[in-house]
Amino acid sequence: EGLAKMIYEGKCLPQLQYKRLIKIDIPRLIADISDYTNRTQTLKRVFLESEKAGNIILFIDDLDRYTTSGTDRVDFSSVIAEFSKSHLLTFVAITSPFAFQKFIFPVGELVQVFERVDVKEIDLEKTRLILFDIASTLESRHHITLTYEAIMTCVEKSDQFISDLPQPEKSISRLDGACVEATTVKKTSII
């Protein structure tokens, strides 16, 4: 969301200006297709359509899940590598350092076309600023009011109790979850 917002606001590198960032939901895309060949063809059609548009940045979450076969994994590495060589299509993909080393690094063709960029977890002060920035979006989406204390507590508690996600992702996820819970229970419109 952060990158998409920066592109939208024009606060990005010139190469990214006027581009559309699209998150490709591969599990949903291939959910009803059991045959590997048809799954591959479906993914190729999406990539071809994006390439034809010429201004698309495709975002792939958990790239490691699509580089080898196995439980909860489908090997699309050759298709991804093929299309990532195109000058008309840009890919941004994320994974954990462990998953990169275990699943992506051994696939030479992906290592050649993707550049590894290590992103460090941001500090709590920057996380607070990000949450204050997105609070209005959450308020209008859920028809609630978020208090200063709620945001501060969310950052503090998510940092204390959630260890498997980095900041600000874990605080954003927790705050959004609290908003959903408040609107579902409808006890209050103020958190």
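The buried residues of helix H4 (77-84) are Ser77, Val79, Ile80, Ala81, Phe83 and Ser84, where buried means under 20% relative accessible area, exposed means over 50% and partly exposed lies in between, computed with a 1.4 Å probe on protein chains only. Because six of the eight residues of H4 are buried, this helix is largely enclosed by the rest of the structure. What covers these buried residues includes H3, E2, E3 and helix H6 (108-113), contact being taken as heavy atoms within 4.5 Å.

This is a predicted model, in which local features need pLDDT of at least 70 and side-chain atom pairs count only at pLDDT 80 or more, while totals for chains, interfaces and linings use all residues. Residues are numbered from 1 along each chain as its sequence is written, and side-chain values use heavy atoms, with hydrogens and water left out.

**Overall arrangement**

The protein has nine helices and three strands, which follow the pattern α-β-α-α-β-α-β-α-α-α-α-α along the sequence. Helices (H or I, at least four residues) and strands (E, at least two) are DSSP runs numbered from the N terminus. Taken along the principal axes, the C-alpha atoms fill a box of roughly 50 × 40 × 30 Å. Of the 191 residues, 31% are buried, and among contacts with a separation of 6 or more, 63% join residues 24 or more positions apart.

**Nonpolar cores**

In soluble globular proteins, nonpolar side chains tend to be buried together. A nonpolar core is here a set of buried Ala, Val, Leu, Ile, Met, Phe, Trp, Tyr and Cys residues joined through side-chain atoms within 4.5 Å. The largest nonpolar core has 22 residues, of which Ile26, Phe47, Ile60, Phe76 and Ile80 touch the most other members. At least two residues of this core come from each of helix H2 (26-30), helix H3 (36-53), E2, H4, strand E3 (89-93) and helix H5 (97-104), and H4 gives the most, with four residues. Leaving aside residues up to four places away in sequence, Ile26 touches Leu43, Ile60, Tyr66 and Phe76. A second, separate core of 11 residues includes Leu138, Ile151, Cys154 and Val155.

The contact is made by Leu124, Thr127, Arg128, Leu131, Phe132 and Ala135 of H7 and by Tyr148, Ile151, Met152, Cys154, Val155 and Asp159 of H8. By class, this contact has nine nonpolar, one polar and two charged residues, with Ala, Val, Leu, Ile, Met, Phe, Trp, Tyr, Cys and Pro counted as nonpolar, Asp, Glu, Lys and Arg as charged, and the others, Gly among them, as polar. Arg128 counts as buried because its relative accessibility is 18%, and, not counting residues up to four places away in sequence, Arg128 touches Met152 and Val155.

H8 and helix H9 (residues 169-185) pack at an angle of about 125°, with their axes 9 Å apart, so that H8 is oblique to H9. Here Ile151, Cys154, Val155, Ser158 and Asp159 in H8 meet Lys170, Ser171, Arg174 and Leu175 in H9, a contact with four nonpolar, two polar and three charged residues.

**Loops and backbone**

Most residues other than glycine have a negative phi, and most peptide bonds are trans. The peptide bond from Gln167 to Pro168 is cis, with omega near 0°, and Pro168 is found in the loop between H8 and H9.

Ser69 is placed in the loop between strand E2 (56-60) and helix H4 (77-84), and at 59% relative accessibility Ser69 counts as exposed. The C-alpha atoms of Ser69 and Val46, which are 23 residues apart along the chain, are separated by 21 Å.

Technical notes. Axes fitted to C-alpha atoms, helices over the stretch in contact; angles between N-to-C directions. Parallel < 35°, antiparallel > 145°, perpendicular 65-115°, else oblique.
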